[in-house]
Amino acid sequence: MEQISLFDSVDRFGSQGQLQPLASRLRPETLEEYIGQQHLIGKGKILRQLIEKDQISSMIFWGPPGVGKTTLARIIAKQTKAEFIEFSAVTSGIKEIKAVMAQAEENRIAGRRTLLFTDEIHRFNKAQQDAFLPFVEKGSIVLIGATTENPSFEINSALLSRCKVFLLKALEEQDLRKLLWLALKSPKGFGNLEISITEEQLGMIARFANGDARTALNTLEMAVLNAKMDQDAVLCVEEEVLAQCMNRRSLLYDKNGEGHYNLISALHKSMRNSDPDAAVYWMYRMLDSGEEPLYLARRLVRYASEDIGMADSHALQVAVAAYQACHFLGMPECDVHLAHAVVYLSMAPKSNALYRACEACKEDIRTLLAEPVPLAICNAPTELMKELGYGKGYVYAHDTAEKMAKIQCLPDALAGRRYYQPTEEGEEKNVKVRLEEILRWKQE
């Protein structure tokens, strides 16, 4: 058995071009090759139509790292035959911006379009962002900015108003699996090698990447480069090596046939059954297997309202606080915060009344007609609307002794419908008493 090192000769892996990182070699060049973001570039979706009709205007790509923001900008430039200029806000200042704009203006005069891709655009200060404005307005450039931060807070309103914001989502596990298989089969990747790697191991990499294609490919590349070659010249990726590549001690998700979703189900159901010991155990099993703590924290936030709800509204505050703690600290320090939330949620009184209310309401919205808003609670900002009966009969609740008015807020077809049915668990029993008093008073 021999182990391949990162420093082995190039001809062990093929051509000199494969010295490039795997993520660079596999960068898609067309929309058909692009994986993910089907809500934007799927057939008939708005961004795809803009690209295919060559009607691209300035835009902002907002999304987490490794979801294809730069790649998509390159594809747009290629498909629309625009000159592609790329620079990063981390290394560029006003001087570099002015030089690029001068070049773009020359291109415009010559009848050529310039697509300027700016990575980390949120890192530009106000003056630097303002430098783009006149060139965006006159059409010298089509600006595509990429940011991992909320553009509403990080990008000047004047520039933001001239750009269409597109939200790029973290890649789904199935997207990452597809990408990993492509890397194994493509001549640009490891297609010229015989590699033994299981579906379970690919699933591990996909989950470890947490929606980041670059992380997934880098992890696969490291695992392959450190794989052992058997007597048949097959590179075998061992779990111990893969665990080291992922900076985790062990791989437990699928090692004994226990899947990712089985473990999160075990955690959820242990908390629902008020079993803090089992809940903490399953939580640590997931962390020890390489699960991202923020994924666990998000599930706890959902659980707090779905399974506890009004029985203990503090549960949601605890879960959100745990998420923030995980975001601030990360592993390994944030494990105790997750345990804090898991134990609290396990011991809290349980009510699924909010969940049932949402499901019942969603079913009515799916199956019934979209009823008009009752005129009594419609806004009436103009005299014409008042003449048409908008706001007629409305009573301002704060003007009454009871701080309530006997007006109907549901549409006529749904009058009397009850979605929220409080239980008698925890603090929700007080809510139930209060709601029953309100309903009786309104019926008098």
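Helices here are DSSP runs of H or I with at least four residues, numbered from the N terminus. This is a predicted model, in which local features need pLDDT of at least 70 and side-chain atom pairs pLDDT 80 or more, while totals for chains, interfaces and linings use all residues. Residues are numbered from 1 along each chain as its sequence is written, and side-chain values use heavy atoms, leaving out hydrogens and water.

Now for the helix itself. The 16 residues of α17 (residues 314–329) should span 22 Å at 1.5 Å a residue, and the end C-alpha atoms are 22 Å apart, which agrees; the expected span is 1.5 Å times one less than the number of residues. Ala-315, Val-318, Ala-319, Ala-322, Ala-325 and Cys-326 of α17 are buried (under 20% relative accessible area, with exposed over 50% and partly exposed in between; 1.4 Å probe, protein chains only). They cover an arc of only 120 degrees around the axis, so they lie on the same side of α17; the arc is taken from the directions from the helix axis to the C-beta atoms. These buried residues pack against α16 (293–308) and α18 (335–347) (contact means heavy atoms within 4.5 Å). Gln-317, His-327 and Phe-328 are exposed on the other side of α17.

In the loop between α17 and α18 sits Pro-332, and the peptide bond from Met-331 to Pro-332 is cis, with omega near 5 degrees.

| Residue | Phi | Relative accessibility |
|---|---|---|
| Gln-37 | near 55 degrees | 5%, buried |
| Ser-274 | near 55 degrees | 36%, partly exposed |

Technical notes: Helices (H or I, at least four residues) and strands (E, at least two) are DSSP runs, numbered from the N terminus.
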